[in-house]
Amino acid sequence: MARILAVDDDPDVLVVLRLLFDASEHELLCVGDGRAGLRLLHQTRPHLFLLDLGLAAAPGMDGWDVLERVRDIADLPVLLLSEHGGVADKVRGLRGGADDVLSKPFAAAELLARVEALLRRAGAGAGDGTVVYDDGEVRVDPRTRLVAVGGRELELTGTEFRLLNVLVRNAGAALTLSDLLASVWDDPTGIAPDRVKFAVLRLRRKLGWSGNGSPLSAVRGVGYRYRPRGVNRARPVTSS
């Protein structure tokens, strides 16, 4: 059973969500404004954050403000609900760090399926067992989820960690968008390739690889490749 925090200022939507998640045996926490949602996020540490982009700005935070703040303070899946359902909202949401965007009105079965897919991915975020990847520049420890680049430890979101983990463990190979969608987002249909591009852009900025000569590069017409600049060596973690 997962704990899901929903922030939506429409009481009718909250009623539907409560009926849906009670029937699925997930625990649902509901609030009607962004500041209360952030407080509850800190207090309850949910497994997934469900956010309505159409939140009224009062008391001072609209849906976009809340998304930005959540991504600053928490590493958990975020599913956005968009009343307009337009491409602009979806693109902005994915750029802002959301894991998925669903248009309103939504089918209850689709919402539940998307939530459970996000929860599965989060649960599988540990990656390749206890094997540490270390190529002299990049170190990825799936057991502790620690990432270091050039000896500097970095904090990555769950999606960013899974993306980097898949890329480095296939170092030198050109991974297609479909490969990455299936491995990182559990989306073998490949119907949302833009989310890969936005996630790669965020990851490159966070790792300091925004300029030329980045070891993480686009492969025209294919996808992306990580090419290590150090000596590739993956080694097992020894338990203490």
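Which residue's side chain meets that of Asp-134 in a salt bridge? Select Asp-134 together with Arg-139 in this predicted model: the side chains of these two residues form the salt bridge, at 3.8 Å from N to O. Asp-134 counts as buried, at 9% relative accessibility, whereas Arg-139 counts as partly exposed, at 30%.

Select Asp-8 and Lys-104, which form a salt bridge with their closest N and O atoms 2.9 Å apart. Because Asp-8 lies in the loop between strand S1 (3-7) and helix H1 (11-23), and Lys-104 in the loop between strand S5 (100-103) and helix H5 (108-123), the pair ties together parts that are 96 residues apart in sequence. Both partners are buried by the under 20% cut-off, with Asp-8 at 2% relative accessibility and Lys-104 at a relative accessible area of 16%.

Now select Arg-71 and Asp-99, a salt bridge in which the closest N and O atoms are 3.0 Å apart. Arg-71 lies in helix H3 and Asp-99 in the loop between H4 and S5, so this pair ties together parts that are 28 residues apart in sequence. Arg-71 counts as buried at 15% relative accessibility, and Asp-99 is buried too, with a relative accessible area of 4%.

Stay with Arg-71 and display the second largest pocket, because Arg-71 is among the lining residues that lie nearest the centre of this pocket by the computed lining. Arg-95, Gly-96, Gly-97 and Arg-202 also belong to that central group, within a lining of 15 residues. The pocket holds about 340 Å³ of space. To see where the lining comes from, colour helix H3 (63-73), helix H4 (87-95) and helix H8 (194-207), each of which supplies at least two residues; the largest share, six residues, comes from H3. Colouring the lining by class then shows ten charged residues, three polar and two nonpolar.

Technical notes:
Residues are numbered from 1 along each chain as its sequence is written. This is a predicted model: local features need pLDDT of at least 70, side-chain atom pairs count only at pLDDT 80 or more; totals for chains, interfaces and linings use all residues. Side-chain values use heavy atoms; hydrogens and water are left out. On a 1 Å grid over the protein atoms alone, a cavity is a set of points where a 1.4 Å probe fits but cannot get out, and a pocket is an open set with protein on both sides within 12 Å along at least five of seven lines; lining residues have an atom within 4 Å of a point. Grid points are joined across faces, edges and corners, and a volume is the space filled by probe spheres set on the points. Helices (H or I, at least four residues) and strands (E, at least two) are DSSP runs, numbered from the N terminus. Ala, Val, Leu, Ile, Met, Phe, Trp, Tyr, Cys and Pro count as nonpolar, Asp, Glu, Lys and Arg as charged, and the others, Gly among them, as polar. A salt bridge is a side-chain nitrogen of Lys or Arg within 4 Å of a carboxyl oxygen of Asp or Glu. Buried means under 20% relative accessible area, exposed over 50%, partly exposed in between (1.4 Å probe, protein chains only).
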